[in-house]
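Let's take a friendly walk around the places where small molecules meet a protein. Have the sequence and the 3D view open as you read.

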Amino acid sequence: MSQFSSAFTAASSVSLPPPSFYVSVSKRSFIYCCSSSQSTTTVVNGKFDGKIVERDEIRFGLPSKGRMAGDTLDLLKDCQLSVKQVNPRQYVAQIPQLSNVEVWFQRPKDIVRKLLSGDLDLGIVGLDTVSEYGRGDEDLIIVHDALKYGDCRLSLAIPKYGIFENINSLKELAQMPRWTIDRPLRVATGFTYLGPKFMQENGLKHVIFSTADGALEAAPAMGIADAILDLVSSGTTLRENNLKEIEGGVVLESQAVLVASRKALIQRKGALDTTHEILERFEAHLRAADQFMVTANMRGSSAEEVAERVLSQPSLSGLQVRPHSISSSLQA
Ligand SMILES: Nc1ncnc2c1ncn2[C@@H]1O[C@H](COP(=O)(O)OP(=O)(O)OP(=O)(O)O)[C@@H](O)[C@H]1O
Ligand SMILES: O=P(O)(O)OC[C@H]1O[C@H](OP(=O)(O)OP(=O)(O)O)[C@H](O)[C@@H]1O
């Protein structure tokens, strides 16, 4: 994907039969059904019949806590979009510079679900979360795909020891003769959509998934799984648990993204203009973040002469100076 999607791009569309342990999920809505002999419970998220719910404000979902929360507020602040939250337990806030916007603090996965259900119009989350919970739904548009924080990768990891000692690539893992229909490769993951999709796309046939909410790196040593599929950033957790990544095992490179509901952009009054304004501020800030302005007082009769003098200094030889970028305020 390109660094910056000025023409909004849709998250890629995918369709896959759900893995056996996973509940049935339709393309447009998340429906989790849990039944026991005593009762049947149905929780419906993301019920959306195609027409947006009427309201005046644009709803912007931001991570309520976790790794993304602080950095998201910092980014907005750096873009002169100050989020006014009365107290941390209050989940609604305002951005005075965007009078038609209402901020709602939500867990990242709920931001994606609520974009799909039409309860939010815009949001900031990790690409991993959009990809996992968005499931390729075409209503989700990645408006900016590189907000430059929350960097991590979704990666397959196996033990460094035992039968995996000499296995260093996905190909080698797939070719191990021990994986059969009766004894499949067991993978522990929280990514129960992307995991099976990746395995299928890479031709691994005999794979079974288990899921947990955290500390997945313990699963191989506990004998619960052969491999794990989890987020990695520094790699410390893998190392500390005697696990290694393998060549070809990265499912997704992720960072924070700005995501929108296509229907909201098209149908909701003001949504497109507001999104453009946010996007322009982000882009201006992110471009400026790589640049430095050096202000110095130097004698010279013209900008060209000053530029020449700067470039002739060996200690400044790495500087790129264009005469027109030197603002001259010449004093008599
Ligand atoms: N090392 C990392 N481990 C996990 N997430 C990371 C890491 N580095 C960056 N991230 C980003 O942070 C997000 C995780 O944020 P957070 O901790 O709030 O969510 P979560 O744990 O998925 O949420 P929840 O607690 O609701 O399950 C990931 O989706 C990813 O985009
Ligand atoms: O490569 P690293 O920098 O070590 O980061 C990776 C770890 O961070 C995340 O876990 P988190 O800290 O969110 O805890 P969790 O396992 O309880 O989800 C992720 O699930 C990995 O376990």
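Helix H1 (67-78), helix H2 (108-117) and helix H3 (127-134) each contribute at least two residues to the shell around ligand 1. Keep in mind as you look that this is a predicted model.

**Around ligand 1**

Which residues come nearest to ligand 1? Out of the 15 residues around this ligand, they are Lys65, Arg107, Asp128, Thr129 and Ser233. Sorted by class, the shell around ligand 1 holds 4 nonpolar, 5 polar and 6 charged residues.

Some side chains make polar contacts with ligand 1. In arginine 107, a polar side-chain atom is 2.4 Å from an oxygen atom of the ligand. Aspartate 128 has a side-chain N or O atom 2.5 Å from an oxygen atom of ligand 1, and for threonine 129 the corresponding distance is 3.1 Å. On its own, ligand 1 would expose 620 Å², and the protein buries 74% of that area.

**Around ligand 2**

Now turn to the second ligand. The residues surrounding ligand 2 include Arg67, Gly214, Ala215, Asp230, Leu231, Val232 and Gly235. By class, this shell has 3 nonpolar, 6 polar and 3 charged residues.

Which elements supply at least two residues each to the shell around ligand 2? They are strand E12 (227-232) and helix H7 (236-240). The largest share comes from E12, with 3 residues. The space that ligand 2 takes is the largest pocket.

Ligand 2 has polar contacts of its own. A side-chain N or O atom of glutamate 217 lies 2.6 Å from an oxygen atom of ligand 2, and serine 234 also has a side-chain N or O atom 2.6 Å from a ligand oxygen. For threonine 237, a polar side-chain atom is 2.4 Å from an oxygen atom of ligand 2. Taken alone, ligand 2 exposes 490 Å², of which the protein buries 65%.

**The contacts in one table**

Here are the side-chain contacts again, for use with the 3D view.

| Ligand | Residue | Distance to a ligand oxygen |
|---|---|---|
| Ligand 1 | Arg107 | 2.4 Å |
| Ligand 1 | Asp128 | 2.5 Å |
| Ligand 1 | Thr129 | 3.1 Å |
| Ligand 2 | Glu217 | 2.6 Å |
| Ligand 2 | Ser234 | 2.6 Å |
| Ligand 2 | Thr237 | 2.4 Å |

Key
Residues numbered from 1 in each chain as written. Chains lettered and ligands numbered in written order. Predicted model: local features only at pLDDT ≥ 70, side-chain atom pairs only at ≥ 80, totals over all residues. Heavy atoms only, no water. Near = heavy atom within 4 Å. Polar contact = N/O pair within 3.5 Å; in protein donor to acceptor, adjacent residues only side chain to side chain. Areas by Shrake-Rupley, 256 points an atom, 1.4 Å probe, with all protein chains shown as cover. Helix = DSSP H or I, 4+ residues; strand = E, 2+ residues; numbered from the N terminus. Nonpolar A, V, L, I, M, F, W, Y, C, P; charged D, E, K, R; others polar. 1 Å grid on protein atoms, 1.4 Å probe; cavity = no way out; pocket = protein on both sides within 12 Å on 5 of 7 lines; lining within 4 Å. Sits in = over half its atoms within 2 Å of the grid points.
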